Amino acid sequence: MNDILSILRDHGLLLLVGQYPNGPLGGLAITFILSVLGVALAFPLGVVLALARISPFRWLYWPATALVYVMRGVPLLMLIFWVYFFLPALLGRPVSGFSTMLVTLVVYQAAYIAEVVRAGIESLPKGQTEAARAVGLSYMQAMRRVVLPQALYNMVPSMLSQFVSTIKETSLGYVISVNELTFAANQINSSLMTKPFQVFVILAAIYFVLCFTLTQLARYLERRVARRRAGAPAAAAAPSLPIAVPATAE
């Protein structure tokens, strides 16, 4: 326990922000930035893929479906290496590890977000779309004004869970020298040499606390959304009062 406390005292700042302000930003800060940017940029692409997946137009459906299945069927580590070697060749110039990891996360997470959005849309009653079309809205107008707002609200907990997954996936960035949390822990381990168990216990504890907190928040939001979808409980029926029937004149 004393070793863990001493590592936190001597190297805690490196785990949090890397060498900043005397060097590049890193550690938990880069992990969080990568996760936020990855999900934020993947979200609109995921929505487009989801709409293409449920589209009646086959020229939209098949390419979107192929992309989603390929991305979900390929290990993330392999995709990182593909982007790492392919992106510089495509652009004709070197690409930083941060940019490589960000592009990888955007493409990878877009496939999963597309399925989350598709499930959210298909969970709505079909009468929503039919009613929107009946009042004269086009297919895209019905999706944008009626279906998507409801579906996106329902899938907020799932999106938060996807964010938790993204945080854990950023740990693979150390293989291309992205200065994120796992890379910072490896730096500390290399400098100490004799305390790998303590260093990686600290690393696991940081990931656990962060992901567990966000998971509990996702569960809270899921319960809240479920209550909102169920609606307010029906009001208790008022007690029936006896109705006086006027006597007929004899």
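Author: One definition to start: the expected span of a helix is 1.5 Å times one less than its number of residues. Bear in mind that the model is predicted.

Reader: What span does α8 reach from its first C-alpha to its last?

Author: α8 has 14 residues. At 1.5 Å a residue, the expected value is 20 Å. The helix comes close to that, reaching 20 Å.

Reader: How many helices and how many strands does the chain have?

Author: Read along the sequence, the pattern is α-α-α-α-α-α-α-α-α-α. The count is 10 helices and zero strands.

Reader: What share of contacts joins residues at least 24 apart?

Author: Take contacts in the chain between residues at least 6 apart in sequence. Among these, the share joining residues at least 24 apart is 72%.

Reader: Is α5 roughly parallel or antiparallel to α8?

Author: α5 covers residues 97–122, and α8 covers residues 156–169. Their axes come within 11 Å and cross at roughly 150 degrees. Angles over 145 degrees count as roughly antiparallel. Therefore α5 is, relative to α8, roughly antiparallel.

Reader: Which hand does the crossing of α5 and α8 have, left or right?

Author: Here α5 passes α8. The crossing is right-handed.

Reader: By class, how many residues in the contact of α5 with α8 are nonpolar, polar and charged?

Author: From α5 come Met-101, Leu-105, Tyr-108, Gln-109, Tyr-112, Ile-113 and Val-116. They meet Ser-158, Met-159, Gln-162, Thr-166 and Glu-169 in α8. By class, that contact has seven nonpolar, four polar and one charged.

Reader: Is Ser-35 buried or exposed?

Author: Ser-35 lies in helix α2, residues 27–53. Leaving out residues up to four places away in sequence, Ser-35 touches Phe-163, Thr-166, Ile-167 and Thr-170. In α8, Phe-163, Thr-166 and Ile-167 are among the buried residues. With a relative accessible area of 0%, Ser-35 is buried.

Reader: Why does Pro-75 count as partly exposed?

Author: Pro-75 sits in the loop between α3 (58–73) and α4 (76–91). Partly exposed runs between the buried cut-off, under 20%, and the exposed one, over 50%. Pro-75 falls in that class because its relative accessibility is 46%.

Reader: How far apart in space are Pro-75 and Tyr-108, C-alpha to C-alpha?

Author: Tyr-108 is one of the α5 residues that meet α8. In sequence, Pro-75 and Tyr-108 are 33 residues apart. In space, C-alpha to C-alpha, the distance is 9.6 Å.

Key
Residues are numbered from 1 along each chain as its sequence is written. This is a predicted model: local features need pLDDT of at least 70, side-chain atom pairs count only at pLDDT 80 or more; totals for chains, interfaces and linings use all residues. Side-chain values use heavy atoms; hydrogens and water are left out. Axes are lines fitted to C-alpha atoms, for helices over the stretch in contact, and angles run from 0 to 180 degrees between N-to-C directions. Helices (H or I, at least four residues) and strands (E, at least two) are DSSP runs, numbered from the N terminus. Angles under 35 degrees count as roughly parallel, over 145 as roughly antiparallel, 65 to 115 as roughly perpendicular and the rest as oblique. A crossing is left-handed if the near helix is turned anticlockwise from the far one by less than a right angle, and right-handed if clockwise. Contact means heavy atoms within 4.5 Å. Ala, Val, Leu, Ile, Met, Phe, Trp, Tyr, Cys and Pro count as nonpolar, Asp, Glu, Lys and Arg as charged, and the others, Gly among them, as polar. Buried means under 20% relative accessible area, exposed over 50%, partly exposed in between (1.4 Å probe, protein chains only).
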